[in-house]
Amino acid sequence: MKESKKLKKFGSLLVASSLLAGVLAGCGNGGDSSSGGGSSSSGGGSSSSDGDTIKIGANLELSGNVASYGSSIGLGAELAVKEINDNGGIDGKKIELIKVDNKSENAEATTAAIKLITQDNVVAMLAPATSGNTVATVQIANDNKVPIVTGSGTAPNITVNEDDGSVNEYAFRTCFIDPFQGIVAANFASNELDVKNVAIFADNASDYAKGLAKSFKETITANGGNIVAEEAYVAKDADFRTQLTSIKSKNPDFIFIPGYYEEVGLIVKQARELGIDVPLMGADGWDSPTLVELAGAEALNNTYITNHYSAEDPEQKIQDFVKAFKEANGDKAPDAFNALGYDSIYYIADAIKRAGSTDGEAIKDALADTKDLSLVTGTFSVDEDHNPIKTATVLEFKDGKQVFNSKVNP
């Protein structure tokens, strides 16, 4: 997409300007004003030499309109770092997690990536939570040969260049991709809810939402469903009544709403206020405690999402994680973003250990060669496009709480 091309060019320009700034900073006070937000270290790192620590960056949305995602991923990552360090680190070396706030903005994500690579000298990086912010860092990772792993950036063009189909060599993820979520949602709607007439209400400025809408539409149509309405909105809209009224007039049995929680919470609230009582469904972009605050618990009844895991899943590995997370975070049950942040650090650490090196190319090769790695969000192997082959979970909202519904294998 055109936006991605611009971001790549912008990233390359910023790399050059940052390197120049680094040279000039050597004559000054060495401050890190280029960080695009404050940075911090956690997880047992210290001021010891690089020979005693392994620096992993975390380029996250810690403020801004999707801060809930980045903050949740950060908490999960911190727990993983603590566990790994408490168990001896990686070949005796402790992980130092260096977090930088990208403020939920593409340009800030680019700047944060440059800082982590050129100033903090990280060997790998936990990439941003959202697809757009992650895309903004891909070219920087490729150019500098520093692997990035996103826990929740689900757009296909993170790992595969949409211009020529080539794989972005240093980009990886621990989540499944948008088309898979769209397929799961459509099959669930067809097979479990038996819907026939469907509406789609998507953020038309978001690669994430457009990818989900496309795969959902293709699958639901193949299943014999009818698309009776398609409406669009853009991020930061607050009044959706006109589009929802139009959708209501077409009498759908079901509405698919791919998007992020800030808008979705208001959409769900306003839909119920307009008397739309049919099932609503989205994907992992709904997964935030703020969704319940915006929509209201009652309005969220009869809504569903595809997601990466459920804290209610009885599997022992998951329950061990839930227990550890609650102990570290005041009895708060971990959401999917917590779990994906946790898994992303274990994925990176496993690759570094198998590589036997902190060289970027060696880590990249190990990440690509991952087979049957057992993580909280599922056991996965990495395919040729650097995407994990793993299970999806369907959750249902009941009285404001996410309830485990089912698992869907790829």
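Helix H2 (residues 67-86) packs against helix H11 (residues 336-355) at an angle of about 45°, with the axes 6 Å apart. That makes H2 oblique to H11, oblique being what is left once angles under 35 degrees (roughly parallel), over 145 (roughly antiparallel) and 65 to 115 (roughly perpendicular) are taken out. The H2 and H11 crossing is right-handed. On the H2 side the contact (heavy atoms within 4.5 Å) includes Tyr69, Ile73, Leu79 and Ile84, and on the H11 side Phe337, Tyr342 and Ile345 are among the residues taking part. By class, that contact has 13 nonpolar, four polar and one charged residues; Ala, Val, Leu, Ile, Met, Phe, Trp, Tyr, Cys and Pro count as nonpolar, Asp, Glu, Lys and Arg as charged, and the others, Gly among them, as polar.

A quick note on the model: it is predicted, local features need pLDDT of at least 70, and side-chain atom pairs count only at pLDDT 80 or more, while totals for chains, interfaces and linings use all residues. Residues are numbered from 1 along each chain as its sequence is written, and side-chain values use heavy atoms, leaving out hydrogens and water.

| Helix pair | Angle | Axes apart |
|---|---|---|
| H2 and H11 | about 45° | 6 Å |
| H5 and H6 | about 40° | 7 Å |

H5 covers residues 178-191 and H6 residues 207-222. H5 and H6 are therefore oblique to each other, and their crossing is right-handed. Asp178, Pro179 and Ile183 are among the H5 residues in this contact, and H6 brings residues including Asp207, Tyr208 and Phe216. The contact of H5 with H6 divides into nine nonpolar, seven polar and two charged residues.

Terms used:
Axes are lines fitted to C-alpha atoms, for helices over the stretch in contact, and angles run from 0 to 180 degrees between N-to-C directions. Helices (H or I, at least four residues) and strands (E, at least two) are DSSP runs, numbered from the N terminus. A crossing is left-handed if the near helix is turned anticlockwise from the far one by less than a right angle, and right-handed if clockwise.
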